[in-house]
Amino acid sequence: ESRRIVTIDGPAGAGKTTVSRRAAGELGVAYLDTGAMFRALALALGEGGHRLPEATIDARLAAMTFALEGSGADTLLLVDGAPLPDAARTERVGGWASNLAVLPVVRRRLRLAQQALGASTDLLAEGRDMGTVVFPEARHKFFLTASPEVRAGRRVLQLESLGKPADYEAILEAIRHRDAQDQNRAEAPLVAAKDALVIDTSDLTEDAVVARIVAAAAV
Ligand code: C5P
């Protein structure tokens with residue numbers, strides 16, 4: 001009997017993380033933030049990590065452990081036994097993660113780790129390629145989008161809530177750059193799965209997005 005998998009993909013700042021966590025809670029499944037896995041690797045390797053020898057990156061990934069603790073909205077992703085530090089949530093580290101996400105060795109290792117997590121528990125998996133590459137057989141797939149301006153505005157609020165400095169223009173520029181890199185890479189580019197429900201969240205409240213996902217995925 002295969003596990004119940006729900007996928008949510010989309011660009012940076014489309015509101016995926018908050019919405020996904022809440023939807024996982026309402027659906028009663030574990031929540032997996034796959035961006036956090038890329039960010040954890042980025043933090044471990046530091047700036048310029050994507051230019052390290054492939055064997056070095058592969059060895060670091062092979063030694064990394066990923067585990068999910070608890071379920072629903074309170075699910076905790078543990079990387080090497082610890083939750084992702086707030087320092088990994090900056091746009092800067094997001095850029096490093098995006099650089100690493102181009103590399104086939106990184107995509108392969110993290111895909112296998114994500115699939116292993118999905119094999120042991122019912123899951124709502126959030127990222128860029130969950131519905132297209134990692135869980136193509138998922139029962140319910142969603143793709144969240146919003147205009148770059150709306151997404152940059154949300155990122156500013158998110159960073160401010162973490163007490164981090166946030167410059168709207170710089171973030172908009174970084175988001176545009178990261179979008180282009182994520183959409184144009186050769187392997188697992190950011191694109192909606194053919195069978196995904198696309199939701200433009202620009203003019204929707206968070207409650208409305210969660211309600212739409214839960215209604216569609218509950219059946
Ligand atoms: O979602 P988040 O902004 O935390 O992701 C950071 C970066 O990790 C993304 O810009 C993307 O390059 C990469 N990523 C990916 N595939 C995923 C999740 C994240 O390539 N499933």
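## Overall size and make-up

A compact globule of 219 residues would have a radius of gyration near 17 Å, and the protein chain agrees with this at 16 Å. That radius is taken over C-alpha atoms, and the globule rule is 2.2 Å times the number of residues to the power 0.38. The C-alpha trace spans about 45 × 45 × 30 Å along its principal axes.

This is a predicted model, in which local features need pLDDT of at least 70 and side-chain atom pairs count only at pLDDT 80 or more, while totals for chains, interfaces and linings use all residues. Residues are numbered from 1 along each chain as its sequence is written, and side-chain values use heavy atoms, with hydrogens and water left out.

## Inside and outside

Buried residues (under 20% relative accessible area, 1.4 Å probe, protein chains only) make up 47% of the 219 in the protein chain. Among contacts (heavy atoms within 4.5 Å) with a separation of 6 or more, 76% link residues 24 or more positions apart.

## Helices, strands and a hairpin

You will find 9 helices and 8 strands in the protein chain. These are DSSP runs numbered from the N terminus: helices are H or I with at least four residues, and strands are E with at least two.

S3 (residues 66-69) and S4 (residues 76-79) run antiparallel, joined by 4 bridges; strands pair if DSSP finds at least two bridges between them. Ala67 stands opposite Leu78 in S4. The two strands form a hairpin with 6 residues between them, and Gly70 in the turn has a positive phi of about 75°.

Conventions:
Buried < 20%, exposed > 50% of the residue type's maximum accessible area, 1.4 Å probe, protein only.
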